[in-house]
Structure formats: C-alpha cells, structure tokens
Amino acid sequence: MDKLREPLNDMQNCGLPAALEVMGERWSFMILRAAFNGLYHFEEYLGALGIARNILSNRLARLVEHGIMKREPLPDDRRKIEYRLTEKGLDLLPAMLALRQWGEKYGCGVPNNPVLCDARDGMPIAPIQIHAHDGRLLGPREMEWRTSEDVGKTLAKQEDEIVRPQLNVLR
C-alpha cells in the first residue's frame with residue numbers, strides 16, 4: 001500500500017501555507033520580534049528596525065488584518081495609535097523562539113545577548129522542543145503520520161497495513 005503522508009499539494013487543508021501567507025517574509029517577523037520586545041508605536045518600529053515607512057505600514061496593516069496585532073488609539077490622544085499583540089499574535093511566541101534558537105545554533109553561531117530568561121529564577125529558557133500529549137519529550141523517530149480515524153488507536157504492525165512513515169531523519 002501507499003505510504004501515508006500529508007497531501008503535499010493540498011494548500012487549503014494545511015496550516016503551514018496559511019501561516020506563511022501571513023508571516024512568510026522577514027519584515028513581518030522583525031516587527032513581531034520588536035512587539036515582543038515592547039515596541040508599540042509606528043515611529044518606534046521605524047527607528048528600531050531601519051525599515052522603509054511604506055513597508056512598515058504595509059506589514060503592520062497585514063498583521064492587523066490577520067488578527068495578529070490590533071490598533072488601539074491612546075486614551076489621552078486618540079490620534080496616536082499603539083500596535084498591540086493579540087492572543088493570536090502572542091501564540092506565535094513559541095514559533096518565534098524556535099526559529100531564533102535554530103538561527104543561533106546554525107545561522108550566526110553567536111551567543112544571544114540579551115538572554116531570554118524565566119522571570120521567576122532568572123535562568124535561561126530551555127530549547128523549544130516537541131512534547132507528547134503526556135509531556136514526554138519526543139525525538140524525530142518517535143513520531144508518525146496517522147489518519148484522523150487512527151488517532152489514539154494502538155495499531156498492529158502488519159505488512160498489509162498502510163506504512164506510517166516517520167520523519168525524514170538520518171538513520
């Protein structure tokens with residue numbers, strides 16, 4: 001039988017193309033990084049990022065349009081706008097941290113400074129990792145694709161069954 005895998009040509013029923021449609025270019029990530037670092041105002045983003053005004057305006061509008069950020073007028077001067085992360089935007093933090101950690105490990109090779117730490121004890125956060133539903137840490141060889149009707153079932157490994165491939169990892 002055929003190996004089970006994601007339908008790679010199905011762009012409608014996969015979250016990755018949808019996420020990349022919104023976040024798939026560098027400036028969106030840089031704006032998000034700045035927001036996670038406490039920037040709120042257009043001029044702050046402009047100065048801190050060195051981004052062209054039209055590109056910043058376009059990317060902020062797109063992030064607002066997709067519900068990742070929201071525009072809030074300041075109570076004391078309604079002409080001034082703050083850009084705030086929404087819950088949807090805050091949910092991107094693990095993805096942002098995973099990409100940053102990957103880039104630090106393989107991209108720039110430079111230790112990060114400042115270091116993101118646990119506010120309670122001041123220790124650096126752990127690497128972003130994949131955990132099972134019960135909290136166990138999972139490696140690439142401990143995952144497989146299943147059809148939705150097979151989720152949660154114990155499946156016998158027989159030759160006539162669909163082969164559920166693991167991730168493409170070195171053996």
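Tutor: A nonpolar core here is a set of buried Ala, Val, Leu, Ile, Met, Phe, Trp, Tyr and Cys residues joined through side-chain atoms within 4.5 Å. Keep in mind that the model is predicted. The largest such core has 21 residues. Ile-31, Tyr-45, Leu-56, Leu-60 and Met-69 touch the most other members. Two or more residues come from each of helix 1 (15-23), helix 2, helix 3 (42-49), helix 4 (53-65) and strand 2 (81-85). Helix 2 gives the most, with five residues. In general, nonpolar side chains tend to be buried together in soluble globular proteins.

Now take Leu-56. Setting aside residues up to four places away in sequence, Leu-56 touches Ile-31, Phe-42, Tyr-45, Leu-46 and Ile-51.

Back to helix 2, which spans residues 26-36 and holds Ser-28. Ser-28 has a relative accessible area of 1%, under the 20% limit, so it counts as buried. Its side chain makes a polar contact with the side chain of Glu-25, at 2.6 Å. Beyond neighbours within four places in sequence, Ser-28 is in contact with Val-22, Met-23, Arg-59 and Leu-63.

Finally, turn to the surface. Leu-116, Ile-125 and Ile-128 form a nonpolar patch there, with about 220 Å² of accessible area together. Ile-128 sits in the segment after helix 6 (93-108). Ile-128 counts as partly exposed because its relative accessibility is 36%, and that class lies between the 20% and 50% limits.

Key. Residues numbered from 1 in each chain as written. Predicted model: local features only at pLDDT ≥ 70, side-chain atom pairs only at ≥ 80, totals over all residues. Heavy atoms only, no water. Patch = residues over 30% accessible without salt bridge, like charges linked within 9 Å, V, L, I, M, F, W, Y side chains within 5 Å. Areas by Shrake-Rupley, 256 points an atom, 1.4 Å probe, with all protein chains shown as cover. Salt bridge = Lys/Arg side-chain N within 4 Å of Asp/Glu carboxyl O. Helix = DSSP H or I, 4+ residues; strand = E, 2+ residues; numbered from the N terminus. Buried < 20%, exposed > 50% of the residue type's maximum accessible area, 1.4 Å probe, protein only. Polar contact = N/O pair within 3.5 Å; in protein donor to acceptor, adjacent residues only side chain to side chain. Contact = heavy atoms within 4.5 Å.
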